[in-house]
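Have a look first, then try each question before reading on.

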Amino acid sequence: MFGLTRKDSKLMLIVFGLVMLAPFILNPFPEGSAMAQFNAGYPDLMQRFVIFGIFAVGFNLLFGLTGYLSFGHAAFLGIGSYAAIWSMKLVTLNVIPGILVSIVVAGAFALVVGFVSLRRSGIYFSILTLAFAQMMFAMAYSVLTPITGGETGLQIKNTDTPLFGGPADGGIGRANLFGAEMGNSYELSLGNHLFTFNLGYYIAGVFLLIAFYVSIRIFRSPFGIMLRAVKSNQQRMNYTGLTPKRYTLSAFVISGMYAGLAGGLMVAMDTQVGPERMFWTASGEVVIMTILGGAGTLMGPVLGAGVIKYMENIISKINKDILHEWFAFMPDGFEDVIVALVYPFIGKGWHLTMGILFMMVVIFLPGGLVEGGQRIAKLFRRNKTSDTQDATSRTPAE
Amino acid sequence: MDQIIVQVLNGLDKGSAYALIALGLTIIFGTLGVVNFAHGALFMMGAFCAVITSKILSVSHQVVDPTRSDFLGNPMQVDTFYVQDWFGMAAGQTIMDWAVPIAILFAIPVMIFVGFAMERGLIKHFYKRPHADQILVTFGLALVIGEIIKYFFGANPIQTPAPPAFTGSLDFGMILGYEAQTIMYPYWRLVYFFFSAFIIAGVFAFLQFTTFGMVVRAGMADRETVGLLGIDIDKRFTFMFGLAAAVAGVAGVMYAPIVAPNYFMGMDFLVLSFVVVVVGGMGSLPGAVAAGFLLGVLESFASMPAVIDLLPGINQIIIYLVAIIILLTRPRGLMGRKGVMEE
Amino acid sequence: MALLSVKGVNKRFGGLQALGDVNLDVMENTCHAIIGPNGAGKSTLLNVLVGKLIPDSGSVIFDGQSVLGRKPHQINQMGISRVFQTPEIFADLNVMENMLIPCFAKRDGAFRMHAFESVRHEKSMIKKAEAMLDEVNMLDKRDMQASAMSRGDKRRLEMAMCLVQEPRLLLLDEPTAGMARADTENTIELLKLIRKDRGVTMAIIEHDMNVVFSLADRITVLAQGTPLVEDTPDKIKGHPKVREAYLGEAPVEGVN
């Protein structure tokens, strides 16, 4: 299918299914039930899942393949956002041009930053990207206020008059796709279940599918092999007549464009942007997502983005009362002990859980959750067919 | 001229903090070859040692004071501090006031222990792994330490005052013959600067003049050879990690009165300290110290109103800008050695 | 005709004269060995040839073109491949991918953004790589991860990666250093086979006299950065100056 092997097609189909059916999959619990707070199928969060999925998939093309650890990727996401919102303010509220502009502008910045940063490698590269990103953040925050709106950022206002298709009545314009607004949702009620199908989410979802498909193609291309060669042995590459720098720079620009796409989509969804999007903690977040899920694997970044965003939005909302409710069946003293033990790790303490999880993955599971899943799957397979040669074990993790 | 002196002075205390953290980072990198992203967290833990000490010293209990009565006519319950019980009113009060300096005594063993535990428990397993993995695992550790601190102390900064003897400002201008009140410099910042200078001198003297330090320096230059001489360099390096942690820790303790400790301060300082290390030259101790002070002072100069009018926002980006320029023109930093972190 | 011609090359590192007026011609279709005691400047010379070092003066002409000032990847594209002392391969990749990289480099040049083509569809490249693997008896290991192979196999793979580019000149930097005896013998056999089947010109730096005398057509002896003698293996064996400078006073087993 689309020039993919059977295995990759299967992967692509799984992601397609997940994206399309997300409103069902993420809302497994009936409305009003005790478990309803674990439902993640509301548009705002679903949009974040796919947008950060795109961001992480792009980051993985750089870090997962070439091994160059950028600590400033959020800058490109922010730049994409600023570019998209200006396109909406000035040209049209249609999201497509905005998104295209964000990809191009972020790619251009990535070219410059990458060209300079890639003159060094290792820790120096990480620090250089970090320095560039912090510089851009500081500039967006202060000096460039006329362009970036400074601390408050930019929103679409009723004074904005885009060239094409501005709101007729002087109201606040809304992001749309050829007239259909991003906020449009269709709600489906099945018994106690409520499912929301949001246009914005599906547009972002289509972009994720495209981004994921491109990522598979790059992984399987000669170019992808070259990027992995950069990580493996640059000396040999040089003496094989190749220029590792230019390959790495290409990967840097591509991943910058992915970040720009994610930034553009964010603006398409909520029509606002602030400089905090570029702060270095945001760059750290995409690093964590990618590695947690599995750097260098195809599914890993998407998975990692999902896990982190789920924790940030769902696990973080669990408070002590809810815990007491859950463990109410236990004897009183015991209940308190359990709640006291669990509480530091959830609710507001979700960062702690994330940090520990992240460390565990770095220490024990360099292939991330994907490798963990593969190991478990292998265990099961071995139990079933105890002595047959396991041919798949030799293929690298994908 | 007086403006320039003010800026230099302002830069010194921040520069001292950068220099101390960068010094520790460089010791760890130079001896163990590990890039420690958790070093800012050690600094932050030091600052919280000050907070803890001040809390412990002001633990109180209620005593019935027969000489006073509350509005119902019953004897009044009065909060009494244990230290005042033990050492008398005046001495107890002094001890509480001096919580921050006293915290150093508490912080040194604690931080050395933390350093040992970190090196033996975690970092040891990452010597042979790529630098990216070292960055990632210590970055994760920094997050975890920050969250633990947040769990116990909350997210808000905790004011930790300096001893009252140092709360005022020194009129520096008077000494130099300017009019009164032109150059004011808080005493505590002055203390911080001299304290840092003392610590830095101590570390250098230790490395320069003790046999232990000589072996460590030799190990930094060529680990294998020293290992071949039959010296257990690993143990010494573990000790150096503890030392680096203690340096970061006391830097944090003394900084607590300048910036109220919060769980995020480690990360803020870390990012800048890394820039400092890279500018100074990875693996160069004098480079780290020089770059720390240099960037601290530069940052302070960039914050002068005259400079900001000329180049708005320059104070926010100056350090990064300098770092980028230096890295591109002098790849090894100001005083970096050849062959460190190069392929 | 000389394929590679080194003329009057000098290189100083501070006060140390690493290379002093080196003249050397590597003739087409020969195996030219460069030997000499430690610190004689062999590695410096090699690094000059591949573009890693730039000499202070002199010229290096390969096939009528100067190599000086060119970067290693450009020199490789001219037709010079290098085998390292410790095998430099792509350890994280499998054997087939290791072989495909030089194939693509030969076809596409130093850089090409073939991000949307599939490796599976590069049939001719795969065929070429397989043929080469077959030639070095490694076809059965094509899906193995390179880091998991033995030292000898890594050396074999590295040579295959160099040869699949069909270089005009193959530079070998102590190809048997640190190898077990059996692996050394294997490597010699492999090199002989390559000489016979492919007729590729070789320049080899080597400590092991056994290797040198069983492969080389001509030998240059370097001492203190300067060529001492250049002659055929038979003449070198008995040369008094060589024995004095390189082999020391005592005669060495492999030579006699």
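Before we start, helices (H or I, at least four residues) and strands (E, at least two) are DSSP runs, numbered from the N terminus, and two strands pair if DSSP finds at least two bridges between them. This is a predicted model, where local features need pLDDT of at least 70, side-chain atom pairs count only at pLDDT 80 or more, and totals for chains, interfaces and linings use all residues. Residues are numbered from 1 along each chain as its sequence is written, while chains are lettered from A and ligands numbered from 1 in the order in which they are written.

Q: In the hairpin of E9(C) and E10(C), which residue takes a positive phi?
A: Strand E9 (residues 218–223) and strand E10 (residues 226–231) of chain C run antiparallel and are joined by five bridges. C:Ala223 stands opposite C:Thr226 in E10(C). The hairpin has two residues between the strands, and the one with a positive phi near 50° is C:Gln224.

Q: Which strands are the edge strands of the open sheet in chain C?
A: Four antiparallel strands of chain C line up in the order E2-E1-E4-E5.

Q: What is the bridge partner of C:Lys11 in E2(C)?
A: Strand E1 (residues 2–13) of chain C pairs with E2(C) in the antiparallel sense, over eight bridges. Within E2(C), the partner of C:Lys11 is C:Leu19.

Q: Which helix gives the most to the side of chain B that touches chain A?
A: Two residues are in contact if their C-beta atoms, placed from the backbone, lie within 7 Å. The contact takes 32 residues from chain B and 35 residues from chain A. On the chain B side, the elements giving two or more residues are helix H6 (131–153), helix H12 (265–280) and helix H15 (314–329). With 14 residues, the one that gives the most is H6(B).

Q: Is A:Ser9 exposed, partly exposed or buried?
A: You'll find A:Ser9 in helix H1 (residues 6–25) of chain A. A residue is buried if 20 or more other C-beta atoms lie within 10 Å of its own, exposed if 12 or fewer, and partly exposed in between, with C-beta atoms placed from the backbone. A:Ser9 has 14 other C-beta atoms within 10 Å, so it is partly exposed.
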